[in-house]
Amino acid sequence: MAGVLNLSSRLRKLLDPPDVPAKSPNALRFGVLGAARIAPIALITPAASHADVVVTTVASRDERKANEFAKKYKIPTVYHGSGCYQQLLDDPNIDAVYNPLPNGLHYEWTVKALNAGKHVLLEKPAANTSAEAQQMVDLAAQKGLVLLEAIHWIFHPAGQRVKEIVDSGELGKLKNIQASFALPKVPYGIIFFEDDIRFNYDLGGGATMDMGVYPLSAVRYFSSSDLSSVSSASAIGHVHDPARIDRAMRVHLVLQSSVEADVLIDFAMPGWGPFHIIPRMPKCDIHLELEGGAIDFYNFVAPTVYHSITVKPRGKKARVEKVYKFKDGPGQEWWATYRYQLEAFVDKVRGRTPQTWLAPDGPIKQMQWVESVYAAAEFPARPTSAYYQSSA
Ligand SMILES: NC(=O)C1=CN([C@@H]2O[C@H](COP(=O)(O)OP(=O)(O)OC[C@H]3O[C@@H](n4cnc5c(N)ncnc54)[C@H](OP(=O)(O)O)[C@@H]3O)[C@@H](O)[C@H]2O)C=CC1
Ligand SMILES: O=C1OC[C@@H](O)[C@H](O)[C@H]1O
């Protein structure tokens with residue numbers, strides 16, 4: 001009963017967090033590039049409970065969409081039309097930019113934002129290629145600006161607790177990881193639309209680019225190791241562009257630490273039963289095999305909703321842990337992964353030491369892994385952006 005009450009209280013506050021009584025007078029002013037669907041979840045809602053963040057500006061190419069978005073989310077300044085993204089970057093009243101544009105535009109608008117002197121919270125994956133990611137990371141360092149690729153789940157205490165157990169040696173050496181993020185096949189419009197950016201090759205689409213960021217980052221994070229090789233990879237093409245857009249990807253990875261990993265990514269797992277009409281349950285799990293036992297981490301991407309960490313020492317009784325809040329650290333049980341991430345971003349901008357921060361070369365490694373997966377599956381690399389080519 002207590003579990004159900006906690007769940008309901010957490011969900012209520014997750015979806016409608018209490019506003020802070022007052023924002024600080026010099027709160028960090030965020031501008032949002034594009035009226036993207038993810039922006040309310042990843043920035044606008046988390047910002048409501050952060051005293052040092054205000055979302056002041058949105059730029060959307062379409063005037064009506066721009067105004068509707070601004071009205072709905074109470075954003076005072078709006079730019080629209082063909083030059084609106086640059087107008088936002090030129091606005092001296094903005095300190096930080098949130099970039100949730102399609103993946104293929106991440107590089108161009110992040111480079112432009114950094115050149116305009118703005119800190120950048122950048123949606124995942126950082127770019128279309130590792131070379132683009134490298135340039136962005138170098139530019140941010142050169143300018144002394146904060147650039148964070150939004151691998152939000154790592155900022156939540158649940159993922160960090162799993163890492164702590166792995167690194168503690170309680171279960172011995174890590175041997176194998178199975179990481180899955182896969183959604184059931186449902187009619188268009190329920191999860192994705194037919195013309196979604198995820199299915200557009202030129203915009204950097206593909207399941208490995210999109211959902212793959214999660215299990216691949218989990219393998220990197222829990223193993224603390226780089227990739228040695230992709231020993232097998234099999235892709236299922238998306239119906240609209242089967243040779244270039246992966247609907248699903250299944251890979252076996254060998255890491256430099258000799259840990260091995262199986263990764264499954266799927267935008268639309270077919271149903272089962274007669275005519276495949278019974279939808280499958282989403283998969284969002286990490287299974288870690290260690291010398292002395294195993295750990296199952298359920299729902300690693302959205303742990304605030306619900307998660308479980310089942311620790312199974314070999315020959316002993318299993319235990320289940322749930323960690324919604326740090327013992328000593330920022331946060332509330334209802335904080336979304338995005339809220340923990342925003343806390344860290346602001347701490348970094350303000351010159352404080354965040355509870356968690358990601359290695360500067362993380363976005364580069366992440367894209368190198370994605371490139372290796374596509375190469376092994378004999379799928380083309382995502383296209384280098386025209387802006388990168390013109391500025392190289
Ligand atoms: N961290 C997370 O949990 C999640 C991250 N993401 C990431 O966020 C990014 C955006 O995803 P999502 O919000 O689902 O995408 P949307 O399609 O909803 O938003 C993308 C925005 O980009 C702008 N845009 C600019 N050029 C184009 C173009 N040629 N075609 C389409 N849109 C364009 C549009 O803004 P406008 O027209 O207003 O100018 C649009 O609203 C992706 O990088 C994705 O990987 C997505 C979901 C979850
Ligand atoms: O969290 C997510 O789930 C669904 C994906 O398509 C999205 O881009 C991702 O970030």
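Trainee: Which residues are around ligand 2?

Mentor: First, a caution: this is a predicted model. To read a ligand site, list its neighbours, then sort them by class. Around ligand 2 stand Arg198, Asp210, Met211 and Val301.

Trainee: How many of the residues in the shell around ligand 2 are nonpolar, polar or charged?

Mentor: Two are nonpolar and two are charged. The shell has no polar residues.

Trainee: Now the domains. What does the domain assignment of the protein give?

Mentor: Read the residue ranges, and watch for a domain written in pieces. Domain 1 covers 2–151. Domain 2 is written as 153–324 + 360–376. The C-alpha centres of the two domains lie 25 Å apart.

Trainee: How many residues does the contact take from domain 1 and from domain 2?

Mentor: Count each side separately. Domain 1 gives 20 residues, and domain 2 gives 23.

Trainee: Which elements give two or more residues to the side of domain 1 that touches domain 2?

Mentor: Three helices do: helix 1 (2–15), helix 5 (103–115) and helix 6 (130–143). Helix 6 provides the largest share, five residues.

Trainee: How do the residues on that side of domain 1 divide by class?

Mentor: Eleven are nonpolar, six are polar and three are charged.

Trainee: Which residues does UniProt list for "domain: GFO/IDH/MocA-like oxidoreductase"?

Mentor: Take a record's range, then look at the model over it. The UniProt entry, which is unreviewed, lists residues 160–271 under that name. Over residues 160–271, the chain is 21% helix and 38% strand. The end C-alpha atoms of this stretch are 33 Å apart.

Definitions and conventions:
Residues numbered from 1 in each chain as written. Chains lettered and ligands numbered in written order. Predicted model: local features only at pLDDT ≥ 70, side-chain atom pairs only at ≥ 80, totals over all residues. Near = placed C-beta within 6 Å. Nonpolar A, V, L, I, M, F, W, Y, C, P; charged D, E, K, R; others polar. Domains from an automatic or database assignment. Contact = placed C-beta atoms within 7 Å. Helix = DSSP H or I, 4+ residues; strand = E, 2+ residues; numbered from the N terminus. UniProt positions renumbered as here; feature names shortened; annotations may be inferred.
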